Amino acid sequence: MLRSEIMDDIDTLLDTGDFTLGKHLQEFEKAFASYCGVKHAIGVGNGTDALQLALGANGIWDGTRVITTPFTFVATVGAIVACGARPVFVDNGDDLCISPEKIERALHIHDAQAILPVHWAGNVASMFEINRIAKSHDLAVIEDVCQAIGASETYSVMGNVVHHCAGSFGNAAAFSLHPLKNLNCWGDGGMVTTNDDNIAREIRLQRNHGLVNRDEVIEFGVNSRLDTLQAIVCLKQMPDLDKMLDKRIAIASRYNEAFWGLKGVKVPLPRRGVRHTYHLYQLKVDKRDEFLSYLTGEKAIDAKVHYPIPVHLQGAARHLGYKPGDFPQCESDCKHVVSLPVHPYLTEEEIQYVIEAVRGFYEPKPL
Ligand SMILES: *Cc1c(COP(=O)(O)O)cnc(C)c1O
């Protein structure tokens, strides 16, 4: 059993006392990089630090501007602010990921140094277009992959078939290993991926005080290492990761099929060629609040809203000067999204129960 295998390795770790950095972390970083199809993976303290370190290593410091989406978890924006940079919001598209067309429009008005797309819910943002825009404006691209490990896109460029994992499109990418994410440790953890040797070296330095050896510091850094113990926990899950993601995908397909014909319900179908890993299974529905209380009350289903308040309308964002109406798609989505249980341990009865509950609330579409 996985748990006892993990405990065995932790037991060995206790004997060595090798709690920070070291061999297990290196092994996990290597497995992670290979899984994502990138050259480097660097274990850090959490997903938010991963974003902040990735931004910093790409030259995002005081006074720079970073384009991102207001439809995200607050940490995306918190990391930009923690760098001393200014978030510039751009509305999302119907897929809940940042809209490339709207980025292009925003770049007519705002100067920016980087784009931070979020692979929301396990979907893949439109990276081909985002990278094209970034290249033509000389911007760095830092991906927020905290919800999307294992997501990927296969597409063709001038007749060649290309396959990319989320986290391998940009200059650097940030992952979270928080217990609620699709690959998770027993506490907080994060990872940065990159194909750039210099960025990788910089992040390795930064996460460990800027130390090049025991006694010498060449730049001031932070303490944000991935605990060796957490690296053990995650490394043991790597062989099963795709199996677990496939279970989510299978449940999501069942839901998509069952809810496709309901009036007032929109199912989260990915673009063609995208492997959506469904960290969240989010419907967009009419009468959302009524539906939510029906599910959580009468039906006792663990449904949630991620998230009811867009980041640009949070109290923390007041100094940025945004107002209601600035990002109509995002603001409308925050009123219509609802997440259903999609974790790989759902039983057949539970899946069926959720399906029947949803079908009991909405009418079938008239033919
Ligand atoms: C979870 C999450 C983060 C932050 O990760 P932590 O490990 O909790 O710091 C950042 N961005 C998104 C989109 C997330 O879902």
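**Group meeting: a walk through the predicted model**

Tyrosine 278 is buried, with a relative accessible area of 3%. As background, most residues other than glycine have a negative phi.

A second residue of this kind is alanine 121. Alanine 121 is not a glycine, yet its phi is positive, at about 70 degrees. It belongs to the loop between E4 and helix H6, the latter spanning residues 127-137. Is alanine 121 buried or exposed? With 4% relative accessibility, alanine 121 counts as buried, because the limit for that class is under 20%.

One further backbone feature concerns the peptide bond. Histidine 306 and tyrosine 307 are joined by a cis peptide bond, with omega at about 0 degrees. In general, most peptide bonds are trans. Tyrosine 307 is found in the loop between H10 and helix H11, residues 328-336.

Let me turn to the sheet that contains E12. Three strands make up an open sheet, in the order E10-E12-E13, with antiparallel pairing. Why is one side of E10 and of E13 left without a neighbour in the sheet? Strand E10, residues 265-266, and strand E13, residues 337-340, stand at the edges and each have a single partner strand, so one side of each has no neighbour there. Between strand E12, residues 281-285, and E13 there are four bridges, and the two strands run antiparallel. Within that pairing, leucine 283 has valine 338 of E13 as its bridge partner. Across E12 and E13 lies helix H10, residues 288-298, which runs at about 20 degrees to E13.

Next, helix H4, which covers residues 74-82. Its buried residues are Ala75, Thr76, Val77, Ala79 and Ile80.

Serine 152 is part of strand E6, residues 152-157. It has a relative accessible area of 6% and is buried. Leaving aside residues up to four places away in sequence, serine 152 touches Val124, then His163, His164, Cys165 and Ala166, and also Gly273, Val274 and Arg275. Of these contacts, alanine 166 can be given a distance: its C-alpha atom is separated by 5.3 Å from that of serine 152, although the two residues are 14 apart along the chain.

Glutamine 206 belongs to helix H7, residues 197-206. Its relative accessibility is 17%, and it counts as buried because the limit is under 20%. With residues up to four places away in sequence again set aside, glutamine 206 touches Leu53, Glu219, Phe220, Gly221 and Val222.

The largest pocket has a volume of about 1200 Å³. It is lined by 46 residues, and those closest to its centre are Pro179, Leu180, Lys181, Arg248 and His279. At least two lining residues come from each of helix H1 at 2-16, H3, H4, helix H9 at 241-259, and E13. Which element gives the most to this lining? That is H9, with six residues. Sorted by class, the lining of the largest pocket holds 22 nonpolar, 15 polar and nine charged residues.

The second largest pocket has a volume of about 390 Å³. Among its 21 lining residues, Asp94, Asp95, Val267, Pro268 and Leu269 are the closest to the centre. By class, the lining of the second largest pocket divides into eleven nonpolar, four polar and six charged residues.

Conventions: Residues are numbered from 1 along each chain as its sequence is written. This is a predicted model: local features need pLDDT of at least 70, side-chain atom pairs count only at pLDDT 80 or more; totals for chains, interfaces and linings use all residues. Side-chain values use heavy atoms; hydrogens and water are left out. Buried means under 20% relative accessible area, exposed over 50%, partly exposed in between (1.4 Å probe, protein chains only). Two strands pair if DSSP finds at least two bridges between them. Contact means heavy atoms within 4.5 Å. Axes are lines fitted to C-alpha atoms, for helices over the stretch in contact, and angles run from 0 to 180 degrees between N-to-C directions. On a 1 Å grid over the protein atoms alone, a cavity is a set of points where a 1.4 Å probe fits but cannot get out, and a pocket is an open set with protein on both sides within 12 Å along at least five of seven lines; lining residues have an atom within 4 Å of a point. Grid points are joined across faces, edges and corners, and a volume is the space filled by probe spheres set on the points. Ala, Val, Leu, Ile, Met, Phe, Trp, Tyr, Cys and Pro count as nonpolar, Asp, Glu, Lys and Arg as charged, and the others, Gly among them, as polar.
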